[in-house]
Amino acid sequence: MASAPDINLTRAARELGVELVQLQPTLELLDAGNTIPFITRYRKDVTGGLDEELIERIRDRIRQMRQLEERKQTILRSIGSQGKLTDELRRQIERADHVRRLEDLYLPYRPKKQTLATKALENGLGPLAAEITSADKAAADLDSRAAEFVNEDKGIHAAADAVLGAGHIIAEQYSERADLRQKARRVFRASGRLISSKVGDDGKKNDLYRDYLEYSEPLQRVPPHRVLAINRGERAGVLRVKVDADTESIQRDAMALLVAEDHPHRDFLAGCVRDSLSRLVYPSLEREARRELTDRAETHAVDVFARNLRKLLLQPPLPGRRVLAVDPGYKNGCKIAALDEFGNPLAHSVVFIVGKEERIAEARQKIVEMIRTHNLDVIAVGNGTACRETEQLLSEVISTELADANLAYTVVNEAGASVYSTSPIGREELPDCDATQRSAVSIGRRLQDPLSE
């Protein structure tokens, strides 16, 4: 197995708030393949009594630092193989403390696909671009100098074509400046706004995303649920999404950084700056900002789901209660199942709660009959399609035909019941039931003992 890259353990210990004498042996135990529960319970004497949360933080932070160090070594090898690795660049790469800073430094040396700039370089316009940026006297008369690069075979038919190609080279060079990207990124995030607007006039689709058809909010204040909703609307072709920022401020900073006040070709280079920002830098920063928003939103969604699932599973069970389980539906009816105190199915049927009065009356009669026959004392209703209509019918039945019974109903989260009903486990547990019946049984069991089910 390849050895782990060397990292600054002193810095890691300081960040994590632990002593170096605790961090080193803990890391050795983790590297040896020991699990966090094992280290927490049986190696307290080695770790200095670190609890499982700190050990988990150590594992995650060390993993991040090692991945960053591995990426540094890969980048150093790549730039070195190109013969472009200077001592100053090496120091900047080795000092980089975030992957974003590291990738900014690597950007000018990253192997590229065919771009306007690479095409211009292939056509021999690199020297002209260098002369322009360095204010070389050879390019004092730009049009005359550019005319020397005219080459019909390479598609450079006039001096203007040569100047245009040199501009593309300069624009790409500007876009790859790590210092420019850092400045632009700060302004972009401080002033950026997430904006969405409607694509067309499809009323049905637009109604689903009506809150986002004309929406704008600062990047720093967009809540996670809105980010996910906007992303869904964009994927559905309903929303057009962009990130707007203070581009004028970014352009002023870029000009101050890249173009000297007394440069003889200042106007031309100003155009290169504008092209670089609008064509290369802004789209890159917009993708980056939206990717970070999405990552945070998805992480938050998983956390919320985990908390909700925990609450759901740790609901107290209903021991000794016989249940009527209802899996609601419109077209195919409601699947109902009677369960004994232990979750065993006693009977099942299908009833229809919408449609003709005769069918609804038949459904009421069937529900009453099943409840009285099997002495059921609670009803579990799945929260899927037709849940509200089913609730209404059950509440009427409980208050009329079953007014003399001590009966109640509750709504149960049916997420995953359909998957369970067609799974190998579902078939193994309920071999005598079909898929629709299994889903109803699962809904009832979730009420009786959520964690077990």
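## Packing of α15 and α16

In this predicted model, helix α15 (residues 247–258) and helix α16 (residues 266–313) cross at roughly 130°, and their axes come within 10 Å. Angles of 65 to 115 degrees count as roughly perpendicular and those over 145 as roughly antiparallel; α15 and α16 are therefore oblique to each other. The crossing of these two helices is right-handed.

On the α15 side, the contact is formed by T247, I250, Q251, A254, M255 and L258. Helix α16 contributes R266, A270, V273, R274, L277 and Y282. By class, the residues joining α15 to α16 comprise eight nonpolar, two polar and two charged.

## Packing of α9 and α11

Helix α9 (residues 126–133) packs against helix α11 (residues 159–175) at an angle of about 70°, and the two axes lie 8 Å apart. That angle makes α9 roughly perpendicular to α11. The crossing of α9 and α11 is right-handed.

Residues G126, L128, A129, I132 and T133 of α9 meet A162, V163, A166, I169, I170 and Y174 of α11. The contact of α9 with α11 contains nine nonpolar and two polar residues, with no charged residues.

Definitions and conventions:
Residues are numbered from 1 along each chain as its sequence is written. This is a predicted model: local features need pLDDT of at least 70, side-chain atom pairs count only at pLDDT 80 or more; totals for chains, interfaces and linings use all residues. Side-chain values use heavy atoms; hydrogens and water are left out. Axes are lines fitted to C-alpha atoms, for helices over the stretch in contact, and angles run from 0 to 180 degrees between N-to-C directions. Helices (H or I, at least four residues) and strands (E, at least two) are DSSP runs, numbered from the N terminus. Angles under 35 degrees count as roughly parallel, over 145 as roughly antiparallel, 65 to 115 as roughly perpendicular and the rest as oblique. A crossing is left-handed if the near helix is turned anticlockwise from the far one by less than a right angle, and right-handed if clockwise. Contact means heavy atoms within 4.5 Å. Ala, Val, Leu, Ile, Met, Phe, Trp, Tyr, Cys and Pro count as nonpolar, Asp, Glu, Lys and Arg as charged, and the others, Gly among them, as polar.
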